[in-house]
Amino acid sequence: MRKHYSSDTECLEVRLVETIYRLSYTGTIRITVSADTSLLCRSTMLRLSLGVLVLVGLVACKTPPDAGNLVLVRNENTRSLFDRYSCGSGETSPPGRVDTTQRLQRLRQQMIQANLSAYIITSGDDHQSEYVASHDLRRGYLSGFTGSAGDAVVTLHSAALWTDSRYYLQAENQLDCNWVLMKSGYKEVPSIQEWLLSELLPGDLISADSRIISYTEWTNWDSYFTKAGLRLELLLVNLVDKIWGVEEGRPPYPSDPLFVLNTSYTGLSWQEKIAAVRQSMDNNNCNALVLTALDEIAWLMNLRGADVPFTPVFQSYLIVGLTWATLYLPPGKSTPDVEAHLNANGRNEADSVRIKNYTDIWDDLPNLKEDGDRVWLPSAFSYARGASYLIYKKVPEGKAVFAVSPVLLMKDSKSDIEGHGMQNAHVRDAVALCQFLSMLEDGVAAGEIWDELSAVSTLERLRTAQSLSLGPSFGTIAAFGPNAALPHYEPTFETNRIIDNTSVFMLDSGGQYLDGTTDVTRTIHLGTPTDTEREIYTSLLMGCIDIASTVFPEGQTLSSLEILIRAPLYRLGLNYGHGSTHGIGFCLGVHEAFNTTYHENFFGSQEPGYYQDNEFGIRLENIVTVVKANVTLGSDSNYLTFKPVTLVPYDNNLINPHIMNKKEVRTYLTDVYIKHVF
């Protein structure tokens, strides 16, 4: 059921405001409103003079309608402008909030010039990456919200931001009072499409950056909007880029060159990998494969870089033909070592990769018509979002074929050498983390002053001191007390808390190494925890034990086993909103797409948690790998189990062994955990 506004009068008022806003930048208009409307305005003249709006002849008009009423559904999960935390009269804004008023005004000017009624700003980059370079943090700049997940939508009279349960509290604190907060995951919260349908009228234009938006997402939007009488407009310029430049403090892209990752770490040469890709292309009758995901390109080429925080990848595109390949790089990224590694100066044959300018891909994609009838574009799968809509549009019409990237599936299963390196990296990483936890425990007991920021810097220093270190694999989540209730909280100067013995301290961190990537979460209490904290912590530990020690036939999926990790928390009537498992890359992304079916040499996380708003949060996370199981009776060898890779002890202070069964205590804490850790 479509309901625009609470009344025809309110709808008239809103459309009048929008019309005035549009025309105030283009000229002069006279508007007459009848006496029976609630506006009580006989005439309003607006004139634009040197960019300044001058109001003439304004008579006692009613205050514009409550902007909160523009939300499709109004409840605690769709927070209107006047329901928002610290948005009431006389209330003080939380520390760290950014005033986005001027930014929104400037964006709306650009929208009006482009004849748009709405503009969508997502969190990604041109490669649909999870983590993006500071240069590409457009949504963060516009909204002030710095969480890694969230989409913003701006109309000529409203602004809204959608994010998931990991970031509800963070978004509530960071978004200023120009924004409506939409808590994704609740059935009563409208989607972006539904909200825009309630905000706009038939014929209105909507747009977004088609380089950033995946083909799947764009076409879904387009189908929905077309049925509603709205139009999704393809623009070749990002409107946020037009208001956010060097003068506004926008950082440049990093200039670090690429480096070669030797086969002593990777196990396979790029030539071996690309031969397997070409075989997959041939099996699917494709003449070319266009790769846009940075981790896939880095893995396939055995190259790494430093263009994206926490992930050793580099800006690039790669087109693979059956007998040729072209790597597209920004100027200054290649080196003689890289060119020799790729045989880039050789003839354009199967054993060489030509290097071209990063932007040349937009000229080369239309020419793929000369290379056959089928061009393979990666489809969305797991964490991977697939190729962008603009990539699709540039491929000759009728030639694009969407399927899961063969590189995604290949790198999902680690080679024996990669697997060995991953385990070695976790040994060194555990040394650094155990050193830190010991320093923190002793320091607090001795009366030293520790806080969240000093914890982050100290742990990073200890990790960096380990051999083969490339730095952290994501921004460290060091959260004490109420801050730990934010699942993905990162401390700032405004939010930094002292770490003492009065509450729990949650630490989620990881490292990048030449031989692997790590991700581990531990929660500790340096004083006397409450019975509730111990019961929750122990239930999370039981979930980790139950899933890690299970034996299952080959072919089981994430969804079929996840109940094992959540069940102990369910028995308390508690739950958590984030996922329990993600893949992890090899010297690549800490969150890696995988096919959700467990197989040998899969590496990924097991991470249950619980978060009590404004009080505390507890999470445990281990990296495990899948190995063959030793079964006692059956002759079938296709049974698998998990082997712990994370080697960091738990906090005995938070464990209540009386609520654990004997199998959990004996099988895991002694036979498995002590065997692998000590």
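I started with β20 and strand β24 (residues 511-513), which pair in the antiparallel sense over three bridges. Strands here are DSSP runs (E, at least two residues), helices are runs of H or I with at least four, and both are numbered from the N terminus. Two strands pair if DSSP finds at least two bridges between them. P472 has G511 in β24 as its bridge partner. I then traced the open sheet: its three strands run in the order β20-β24-β25, with antiparallel pairing. β20 (469-472) and β25 (516-517) each have a single partner strand, so one side of each lacks a neighbour in the sheet.

I noted the ground rules. This is a predicted model, where local features need pLDDT of at least 70, side-chain atom pairs count only at pLDDT 80 or more, and totals for chains, interfaces and linings use all residues. Residues are numbered from 1 along each chain as its sequence is written, and side-chain values use heavy atoms, without hydrogens and water.

Next I looked up R385. I found R385 in the loop between β17 (375-378) and α13 (389-394). R385 touches G124, Q128, S129, S214 and A380, leaving out residues up to four places away in sequence. Contact means heavy atoms within 4.5 Å. R385 and Q128 lie 257 residues apart in sequence, yet 6.1 Å apart in space, C-alpha to C-alpha.
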